[in-house]
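Reader: I would like a close look at the charged side-chain pairs here. Please take me through them step by step, and then show me where the parts of the chain meet.

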Amino acid sequence: MTRLHFASALLPSGWANDVQVVITAGAIAAVTPGVSPPAGDERHDIALPGLASLHSHAFQRGMAGLAEQRGDSTDTFWTWRETMYRFALAMTPDDVAAVATLLYVEMLEQGFTRVGEFHYLHHDRDGSPYADLAEMATRIAQAAEASGIALTLLPSFYAHGSFGGAAPHAGQRRFICSVDRFAALMAASRKAIATLPGANIGIAPHSLRAVAPDEFAAIIPLADGGPVHIHAAEQVKEVEDCLAWSSRRPVQWLLEHAPVDQRWCLIHATHTTNEEVTALARTGAVAGLCPITEASLGDGIFPAREFLDAGGRFGVGTDSNVLVGAADELRQLEYGQRLKHRQRNVLSGGAGASTGRTLFDQALAGGSRALAQPTAGLTPGARADIVTLDAAHPSLAGRQGDAAIDGWIFAAGGGAIDCVWAGGDKVVEGGRHRLRQAARERFNASVRRLLA
């Protein structure tokens with residue numbers, strides 16, 4: 001049993017002072033506000049629940065910063081993708097484990113305590129399956145276990161290069177599955193995470209351009225009640241190609257042909273019409289926004305204000321992992337809206353409301369729903385995922401309650417995080433993960449070899 005005492009903590013009911021949290025077997029057993037710190041309690045200043053990065057491609061952390069030289073032609077998502085393919089084709093299972101481990105260490109240091117791993121790097125470098133179909137998924141699970149982050153594994157089905165069942169690109173050969181092979185991969189992936197504390201599994205049809213309608217119908221039942229994630233409407237070209245194929249836009253097609261509900265998370269959904277925004281909000285599905293990656297790739301800006309006004313729910317993900325940070329994603333989300341609307345505090349929700357608090361609450365609730373976590377926050381029964389902020393940080397000095405969240409998101413960034421508990425285990429102290437040095441050394445060795 002672990003007993004923690006916080007001078008201030010954000011509970012589901014709001015901010016409370018002098019809060020004792022008791023942790024048993026990795027879960028929060030009791031939360032008691034308004035009590036003096038008993039002898040033996042570990043004391044901290046400001047406590048928040050950990051957030052989820054609901055969308056991650058772990059292997060891409062290894063190529064962060066490698067696609068920042070402009071080529072001869074217009075540089076877009078589609079040219080960036082060629083760099084990603086070349087990098088993915090070179091990685092061994094050991095490389096994937098090394099890269100994912102450092103990524104998950106960094107996520108924990110930056111306030112993420114659960115990750116939704118949208119995992120499509122399945123096969124060997126020539127495209128043939130490993131003897132264990134879940135070899136790569138097992139390496140992801142090992143990285144999660146080593147770091148302590150909670151894992152929602154989302155094996156991705158990828159069969160085609162574009163709409164209408166087009167043959168896959170040669171660079172996609174490590175991703176490609178038949179329906180039967182994918183069913184076997186799902187079964188093997190369930191075994192890979194079976195003993196991992198806090199882990200669960202869903203399914204991820206990669207996108208409408210990569211999955212034909214008959215395949216779509218065949219694989220959705222493999223989720224077995226778990227979450228369903230899909231890339232949708234990230235790029236204008238994707239929307240144009242989908243219209244040419246089906247006379248429907250990607251989100252429109254999904255709403256008409258797929259059982260979209262609260263289990264679903266539409267990643268990006270950047271290029272959506274007002275009608276699509278309203279209809280998507282009604283389904284209860286989560287919009288999985290990845291603001292830093294969307295900015296990095298030149299995707300565009302999601303209509304977040306309109307989606308929230310329609311009652312929609314969002315979470316945030318780190319996607320390409322070019323920069324990892326919970327505060328960074330939330331800040332970029334709001335700043336994108338400010339640039340779009342040429343206003344300030346666009347997503348605050350109303351006069352006098354804290355923008356940071358609104359963003360945080362939305363990301364907590366949306367991330368929990370998207371990754372099938374029925375209990376979220378600092379409340380009995382929830383996984384003990386807790387982040388503390390350093391009240392002595394210059395951007396938090398003298399700030400309390402929502403002002404502390406605003407200071408963290410808009411001024412301090414990850415430097416304000418002091419400690420992090422993941423499943424009740426303190427994995428970050430003084431802003432530093434206990435595995436940071438070893439994970440960096442292993443990561444650096446892999447990336448140096450890959451770039452040699």
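**Charged pairs and the domain contact**

Author: Start with arginine 209 and glutamate 238, whose side chains form a salt bridge with N and O 3.7 Å apart. Arginine 209 sits in the loop between strand E9 (204-205) and helix H5 (213-219), while glutamate 238 is in helix H6 (residues 236-246), so the pair ties together parts that are 29 residues apart in sequence. A salt bridge here is a side-chain nitrogen of Lys or Arg within 4 Å of a carboxyl oxygen of Asp or Glu. Helices (H or I, at least four residues) and strands (E, at least two) are DSSP runs, numbered from the N terminus.

A word on the source. This is a predicted model, in which local features need pLDDT of at least 70 and side-chain atom pairs count only at pLDDT 80 or more, while totals for chains, interfaces and linings use all residues. Residues are numbered from 1 along each chain as its sequence is written, and side-chain values use heavy atoms, with hydrogens and water left out.

Back to the pair. Arginine 209 counts as buried, at 7% relative accessibility. Glutamate 238 is buried as well, at 2%. The cut-offs are these: buried means under 20% relative accessible area, exposed over 50%, and partly exposed in between (1.4 Å probe, protein chains only). Why can such side chains pair at all? Side chains of opposite charge can pair when their charged atoms come close.

Now widen the view. The whole structure holds 19 salt bridges. One of them joins aspartate 95 and arginine 449, with N and O 2.1 Å apart. This pair links distant parts of the chain: aspartate 95 belongs to helix H2 (residues 93-109), arginine 449 to helix H14 (residues 436-451), and 354 residues separate them. Aspartate 95 is buried, at 2% relative accessibility. Arginine 449 is partly exposed, at 42%.

Arginine 331 pairs with aspartate 328, the closest N and O atoms being 2.6 Å apart. Both lie in helix H11, three residues apart, about one turn of the helix. Aspartate 328 has a relative accessible area of 14%, and is buried. Salt bridges also link Glu42, Lys426 and Glu429 in a network.

Follow H11 onward. Arginine 342 lies in the loop between helix H11 (326-341) and helix H12 (355-370). Arginine 342 is exposed, with a relative accessible area of 75%. Its phi is near 55 degrees, a positive value in a residue other than glycine. Asparagine 345 has its place in the loop between H11 and H12. Phi of asparagine 345 is near 50 degrees, positive in a residue other than glycine. Asparagine 345 is partly exposed, at 34%.

Next, the domains. The protein chain is divided into domain 1 (2-49 + 386-422) and domain 2 (51-371); these bounds come from an automatic or database domain assignment. The C-alpha centres of the two domains lie 30 Å apart. Their contact (heavy atoms within 4.5 Å) takes 18 residues from domain 1 and 22 residues from domain 2. Together the two domains bury about 1500 Å², 69% of it on carbon and sulfur atoms. Pro49, Ile409 and Phe410 supply 37% of the area that domain 1 buries against domain 2, more than any other three residues. Buried area is the accessible area (1.4 Å probe) that two parts lose on being put together, summed over both.

Which charged pair crosses here? The rule finds one salt bridge across the interface of domain 1 and domain 2. Aspartate 402 and arginine 357 meet in a salt bridge, with 2.9 Å from N to O. On the side of domain 1 that touches domain 2, the elements giving two or more residues are strand E2 (14-24), strand E4 (42-49), helix H13 (402-412) and strand E15 (417-422). H13 gives the largest share, six residues. By class, this side has 13 nonpolar, three polar and two charged residues. Ala, Val, Leu, Ile, Met, Phe, Trp, Tyr, Cys and Pro count as nonpolar, Asp, Glu, Lys and Arg as charged, and the others, Gly among them, as polar.
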